[in-house]
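Please keep the sequence and the model in view as you read.

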Amino acid sequence: MDHREIILQMEERKYDALRRALLARDTDPRAEMQEWLNVCYRELVPQQERELIEKQINEERQPGLSEAGTQPKFNVFRVIERGECHCFQVNDASVDALEIANRLYGYLSRETVGFAEQFEGWTSLTECRFIDQMMRCLCEDERVAGAFHIDLDTGTFSALDPENGWCTYPVRDAAEAARFSMGQDEVAREQCFQQKLAGKRINTDNRCLLLCGDRPLRAGDVEIMEWVGMEDGVATFTLELLTDEETVFGSKIALGEDTQMEIYASYDVEKSAVREHLDIGLMREIGSEYFLCPMDAETVDALRQKLDDHCMEQDGMHLEEWAALKHESGPWYEWDIT
């Protein structure tokens, strides 16, 4: 179900005082504002309209009650192909990992326009929408049959398991396993497919790609603090978070008294581009955790402008020129523009 986000602002000292007062009553500003909205809705929206809306919501929650009968399950995909990322949805719950691997075999065996063309009735998704549906799959939402990440450029095929996270295999191994399982009944096919993939799983980056809060991260949520280094043509900057961490990163970010959160943005000198994710580190005495937070294209562009403004303010140079000079100077070069 779609929700509308409402952004309110309050002077920080006033907000902190209000928050402390509400905490003493076992509540908080967000809960109070939500209740106020609910009261306004009940008092201002006519009862007949409220009842109609409630009926529509119940039908979405219980698809069997809708006039159309049942609400179909769907799968979501994130496919990287020829350097481009394409997210889409397929309204067919029968398309499982085995079926996708079978279609990968067909895709690799002949010339095709694109992998999405292997499916009928697919619908394009934004990156943020894919992440949202992926999180629903992780939470075992019954509407999302599966989430898949297929990188045809690097040759990896990943299926999301709510219990174990991403299960990743080489694309060609998955395609061959599907081919060997053909011509058998459904149970035998699945068993053969799993047997052929045994021992082929790839140990991928253990950083979690699932950071997603109440809303997508925006460039205004962070401020550039400082440049921290250049390595392999990638300039790294530390960022300060200006909003509540759970709002944009979700509940996986759990900050305790012994935890320090570090946020990094990266700029690739060779590609002249800001990387499409932030690196998040939770530094703890008992061990550290590392995460990735994806950003949409609009946020990446806005963050690049922030980095450009930072370089102009610090050294009087635009980001691209500044980073190229840093890269040419080498990692140990002490450079004073003045």
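What follows begins with the overall picture and then turns to cysteines, a helix pair and a glycine.

This is a predicted model, in which local features need pLDDT of at least 70 and side-chain atom pairs count only at pLDDT 80 or more, while totals for chains, interfaces and linings use all residues. Residues are numbered from 1 along each chain as its sequence is written, and side-chain values use heavy atoms, with hydrogens and water left out.

Let's start with the protein chain as a whole. It has 10 helices and 12 strands; these are DSSP runs, numbered from the N terminus, with helices being H or I over at least four residues and strands being E over at least two. The chain holds 338 residues, and 36% of them count as buried, that is, under 20% relative accessible area, where exposed is over 50% and partly exposed lies in between (1.4 Å probe, protein chains only). Its accessible surface comes to about 21,400 Å², 47% of which belongs to carbon and sulfur atoms; such areas come from the Shrake-Rupley method with a 1.4 Å probe, and for residues only the protein chains shown count as cover. Taking contacts (heavy atoms within 4.5 Å) between residues at least 6 apart in sequence, 55% join residues at least 24 apart.

Now for the cysteines. How many disulfides does a search of the whole structure find? The search finds zero, a disulfide being a pair of cysteine sulfur atoms within 2.5 Å. For C87, the nearest cysteine sulfur is that of C85, 4.3 Å away. C87 is buried at 3% relative accessibility, whereas C40 is partly exposed at 21%.

Next, look at helices α9 (residues 297-315) and α10 (residues 319-329). They pack at an angle of about 70 degrees, their axes 8 Å apart. Axes here are lines fitted to C-alpha atoms, for helices over the stretch in contact, and angles run from 0 to 180 degrees between N-to-C directions. The two helices are therefore roughly perpendicular, a label for 65 to 115 degrees. R304, L307, D308, C311 and D315 of α9 meet L319, E320 and W322 of α10. These residues divide into four nonpolar, no polar and four charged.

Finally, find G114 in the loop between α4 (97-109) and β3 (122-125). G114 is buried, with a relative accessible area of 10%. Beyond its neighbours within four places in sequence, G114 is in contact with E81 and Y107. R82 lies 32 residues away along the chain, with 9.5 Å between the C-alpha atoms of G114 and R82.

Conventions: Angles under 35 degrees count as roughly parallel, over 145 as roughly antiparallel, 65 to 115 as roughly perpendicular and the rest as oblique. Ala, Val, Leu, Ile, Met, Phe, Trp, Tyr, Cys and Pro count as nonpolar, Asp, Glu, Lys and Arg as charged, and the others, Gly among them, as polar.
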